[in-house]
Amino acid sequence: MSGEDRREAAPQGPPWSPNLLADFQAGLLDPETHETLRARVDNDPQAQEVLAALDTTRAELRNLPSPPLPGEVTERIETALRNEAHSRTTAPSGEQAPIPHRAETATVTGIGSARKRPGGAGPRVFGWVAGLVATAAAVLGAVVVATSLPGGSDTQPRAATAPPETSSGSGRTEQTPLALRGDGLGLNGEQFAAVLGSEQYTGLSDPSRLPGCLQANGVSHVRPLGAREITLNGQDVQLLVLPTGRAGEFRLLAVGPECGPGQPATIADTVFGG
Amino acid sequence: MAAPLGSDFDLLAAHTNGDPHAFSELFRRHRDRLWAVALRTMRDHDEAADALQDAMLSAFRSARSFRAESQVTTWLHRIVVNACLDRIRRRQARATVPLPDSGPGEPASGNDAIADQDVRMVVQDALERIPENQRVAIVLVDIEGYPVSQAAVILDVAEGTVKSRCARARIKLARLLGHLRNPDADAGVEGDAMVTRRQEGR
């Protein structure tokens with residue numbers, strides 16, 4: 001502490017110095033001195049004039065308008081933050097949070113297998129997929145993941161027959177239905193990028209349900225990186241992309257519409273990429 | 001629809017867990033108030049923007065160092081204030097930067113009375129003329145309305161120090177603005193010119 005500590009000495013006056021009166025007004029004096037001075041300045045016109053000047057000054061300061069952050073500065077900073085997030089996602093990391101849990105039935109198919117799959121398109125990064133999405137797709141390469149449905153015995157990856165996301169050519173993602181068929185959940189790079197860039201919580205629109213649903217599936221303090229309502233063999237499913245804490249690796253969690261607090265409703269839970 | 005992550009702490013936790021969107025949302029939530037502090041402290045639009053960007057990137061990278069005993073907003077403001085003070089010190093070490101004639105990026109409003117605008121510009125100019133540590137305290141307490149206790153955490157000083165800096169600053173500002181007409185010999189501020197400007201209506 002310095003000379004900026006509160007005053008302890010008994011004030012001498014009148015006249016009272018403006019600095020003492022400013023300390024008095026700021027609540028800087030000890031309680032005893034404050035009360036002593038208050039009784040004396042109340043009937044001192046000169047002191048009242050100084051206190052009024054300080055009050056006027058404070059009022060003028062309070063009335064200064066607070067300009068909002070200009071749009072171009074907002075955009076610049078958000079771009080810098082996206083770039084930072086991008087570099088964090090792609091950089092090697094040994095100290096990120098561990099993956100909450102993995103589905104034991106998950107099967108990850110390598111790049112060679114993916115290329116043999118009929119209709120298994122290679123990774124095409126669309127122009128409308130910006131920033132992280134593009135990075136994620138690039139990191140993923142041709143990796144395709146598939147997992148079996150709970151209770152199923154077939155863990156072999158099946159080709160996803162859903163149409164890929166389409167590009168409108170205007171830089172906007174068209175939220176076309178994403179329908180998957182087969183014994184397992186399989187996404188190609190394009191489909192994954194479409195889910196990663198989406199925030200569609202149709203089945204979990206109640207704000208209280210999503211955190212409860214995530215917690216029921218062992219996830220806390222994590223917000224989905226992407227969400228999309230899809231159909232899996234004709235069944236409505238909420239697909240969520242969650243961070244694993246590892247660069248280029250994501251957790252895919254598919255839940256039924258009844259998912260909520262205490263009700264995991266897990267349909268598929270697997271890891272994509274990595 | 002945005003995912004319903006409620007508190008600032010939730011967002012920061014999500015960010016440290018790898019959510020690439022969480023920190024941007026936190027920034028969007030508090031950007032105007034952080035900007036106001038940066039702009040008032042720097043008194044230069046471009047420098048304030050640079051300081052705010054530096055601060056946000058610093059906060060992004062050091063989120064794991066956040067300790068829950070303070071509010072997330074207090075932590076963010078502290079980083080912004082430090083970024084501003086760093087820039088001010090670097091600027092002072094380099095050269096004197098001429099101040100713009102207009103206010104610090106305030107939006108022009110055709111509806112404001114000329115007299116009100118004049119008062120604001122004079123107040124803003126007066127703020128430039130007090131020491132930076134007093135200016136930051138005044139910006140936080142008198143302009144942005146933070147409690148002294150929170151300003152003390154942001155500035156990492158004792159509450160008494162915040163009160164003292166505010167008291168000294170108010171005296172100087174009152175003289176600069178012409179509200180206090182009998183300056184002490186120890187005032188050490190250039191009050192006369194501003195009082196003249198104010199009286200002339202600038």
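I began with a pair across two chains: Arg76(A) and Asp50(B) form a salt bridge, with N and O 2.6 Å apart. I counted a salt bridge where a side-chain nitrogen of Lys or Arg is within 4 Å of a carboxyl oxygen of Asp or Glu. Arg76(A) belongs to helix 4 (residues 71-90) of chain A and Asp50(B) to helix 3 (residues 45-61) of chain B, so this pair joins two chains. Helices here are DSSP runs of H or I with at least four residues, numbered from the N terminus.

I noted the ground rules next. This is a predicted model, in which local features need pLDDT of at least 70 and side-chain atom pairs count only at pLDDT 80 or more, while totals for chains, interfaces and linings use all residues. Residues are numbered from 1 along each chain as its sequence is written, chains are lettered from A and ligands numbered from 1 in the order in which they are written, and side-chain values use heavy atoms, with hydrogens and water left out.

**Entry: salt bridges**

I looked up how open the first pair is. Arg76(A) is partly exposed at 35% relative accessibility, and Asp50(B) is partly exposed at 28%. The cut-offs are under 20% relative accessible area for buried, over 50% for exposed, and partly exposed in between (1.4 Å probe, protein chains only).

I then took Arg28(B), which forms a salt bridge with Glu78(A), the closest N and O atoms being 2.9 Å apart. Arg28(B) sits in helix 2 (residues 22-42) of chain B and Glu78(A) in helix 4 of chain A, so this pair also joins two chains.

Glu35(A) is partly exposed, with a relative accessible area of 45%, and Arg38(A) is partly exposed at 35%.

I wrote down the total: 17 salt bridges over all chains.

**Entry: a helix contact between the chains**

I looked at helix 1 (residues 18-26) of chain A against helix 8 (residues 159-176) of chain B; they pack at an angle of about 130 degrees, with axes 9 Å apart. Axes are lines fitted to C-alpha atoms, for helices over the stretch in contact, and angles run from 0 to 180 degrees between N-to-C directions. The two helices are therefore oblique to each other. The scheme calls angles under 35 degrees roughly parallel, over 145 roughly antiparallel, 65 to 115 roughly perpendicular, and the rest oblique.

I listed the residues in contact, meaning heavy atoms within 4.5 Å. On helix 1 of chain A they include Pro18(A), Ala22(A) and Asp23(A), and on helix 8 of chain B they include Ala167(B), Arg170(B) and Ile171(B). The contact residues divide into 5 nonpolar, 2 polar and 5 charged. Ala, Val, Leu, Ile, Met, Phe, Trp, Tyr, Cys and Pro count as nonpolar, Asp, Glu, Lys and Arg as charged, and the others, Gly among them, as polar.

**Entry: helices of chain B**

I compared two contacts of helix 7 (residues 148-155) of chain B. With helix 6 (residues 132-143) of chain B, the axes come within 9 Å and cross at roughly 140 degrees. Helix 6 and helix 7 of chain B are therefore oblique. Val136(B) and Leu140(B) of helix 6 are among the contact residues, as are Ala151(B) and Ile154(B) of helix 7. By class I noted 8 nonpolar, no polar and no charged residues.

With helix 8 of chain B, the axes of helix 7 come within 8 Å and cross at roughly 100 degrees. That makes helix 7 of chain B roughly perpendicular to helix 8 of chain B. Ser149(B) of helix 7 and Glu159(B) and Lys163(B) of helix 8 are among the residues in this contact, which has 5 nonpolar, 1 polar and 2 charged residues.

Last, I checked helix 1 (residues 8-16) of chain B: 8 of its 9 residues are buried, so it is largely enclosed by the rest of the structure. Leu11(B), Leu12(B) and His15(B) are among the buried ones. Gly18(B) follows this helix, with a positive phi near 105 degrees.
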